[in-house]
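Open the model in your viewer and keep the sequence beside it. This tour goes from one selection to the next and says what is there.

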Amino acid sequence: MTALTRRYAAAEPVADVRSESAHDRWQEAVKIRREWLDHGLSTQPADRRTAEHSLTVIYARISRPKPRFEWVDSPEKAIPLVAGLPTLDRLYGWIRDPHPQGTPPLASDLAMLESQLRGALSAGVSHADPELSPTRRGKRGEPWPELPPLKALDTGVPLGVVLHQGIRTALHRSLAHGYRIPIRNVLTGGGPLPACWYGQQDAAWVGYYDALHRLGLASYGPDELEHLGHWAALVRSCGWWWPGEEVCVVVDRPEMVRVEPVPGTWHDEVRLRRGGVRYRDGWHPLLA
């Protein structure tokens with residue numbers, strides 16, 4: 001177990017599963033979700049040393065050397081630097097091609113690495129993980145309803161389903177639909193964007209598997225725990241990042257974020273207000 005893993009495990013104690021009810025665990029889950037939402041909305045300057053260390057370790061996991069890091073103050077400033085990197089459509093085309101030419105792009109290997117980690121984490125969950133195997137109810141196999149969480153538990157919705165709705169789905173609504181997607185649309189005009197990862201806005205899946213571990217509902221091996229720790233470090237330390245073979249372009253966190261509640265939701269979902277984000281170079285999307 002590395003020093004990073006020891007720090008990660010020590011900072012995230014596992015719950016005593018024998019003494020907690022579903023309601024108790026849910027209340028703990030709300031606190032954990034808020035921690036990760038705070039990371040996703042943070043306006044603290046990037047922790048560049050931590051981000052570069054974890055990115056270097058992740059590169060090593062796909063047999064790539066440490067890249068040169070190019071830090072920029074906003075996604076807009078990154079665009080000229082990442083113009084030659086593959087888009088998602090190009091990556092999907094390469095993956096679907098039965099006889100692809102050449103070596104796989106770095107982003108393809110990185111996406112596979114992340115997918116393998118998430119599969120391994122799901123395998124460590126003590127119940128059927130709705131992330132990979134959506135659970136259904138009754139003979140008709142209907143999806144479980146999304147209700148206020150305590151009502152859902154009282155009416156028989158499994159705790160695992162409520163946790164997935166209330167952590168994974170809720171954080172995704174806030175940080176993807178409510179944050180990064182509107183910014184992407186402004187950045188590209190709705191067009192393609194070179195494949196990137198989102199740093200602090202990747203908190204949805206990271207926070208979900210972290211919460212299950214801390215609640216005593218998942219058990220991960222030392223390698224999975226260390227690997228998750230590096231993705232968690234990126235959520236806590238930086239903004240968007242574009243991985244290239246020689247250069248990794250990393251965006252600092254914004255200097256201002258203002259959000260508002262999403263009406264009709266149960267899990268503290270938020271979205272950016274009009275003009276609700278400004279980056280450190282003055283880029284201020286979503287003003288219109």
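Select Cys238 to begin: at 0% relative accessibility, Cys238 is buried, where buried means under 20% relative accessible area, exposed means over 50%, and partly exposed lies in between (1.4 Å probe, protein chains only). This is a predicted model, in which local features need pLDDT of at least 70, side-chain atom pairs count only at pLDDT 80 or more, and totals for chains, interfaces and linings use all residues. Residues are numbered from 1 along each chain as its sequence is written, and side-chain values use heavy atoms, with hydrogens and water left out.

What is the distance from the sulfur of Cys238 to the closest cysteine sulfur? That sulfur is in Cys248, 8.2 Å away, which is too far for a bond. A disulfide is a covalent bond between the sulfur atoms of two cysteines. Counted here as a pair of cysteine sulfur atoms within 2.5 Å, disulfides number zero in the structure.

Next, select His267, in the loop between strand E6 (256-261) and strand E7 (270-278). Strands (E, at least two residues) and helices (H or I, at least four) are DSSP runs, numbered from the N terminus. His267 is buried, at 2% relative accessibility. Leaving aside residues up to four places away in sequence, His267 touches several residues, including Trp26, Arg33 and Glu146; contact means heavy atoms within 4.5 Å.

Last, select Tyr92 in helix H5 (residues 88-96). Tyr92 is partly exposed, with a relative accessible area of 42%.
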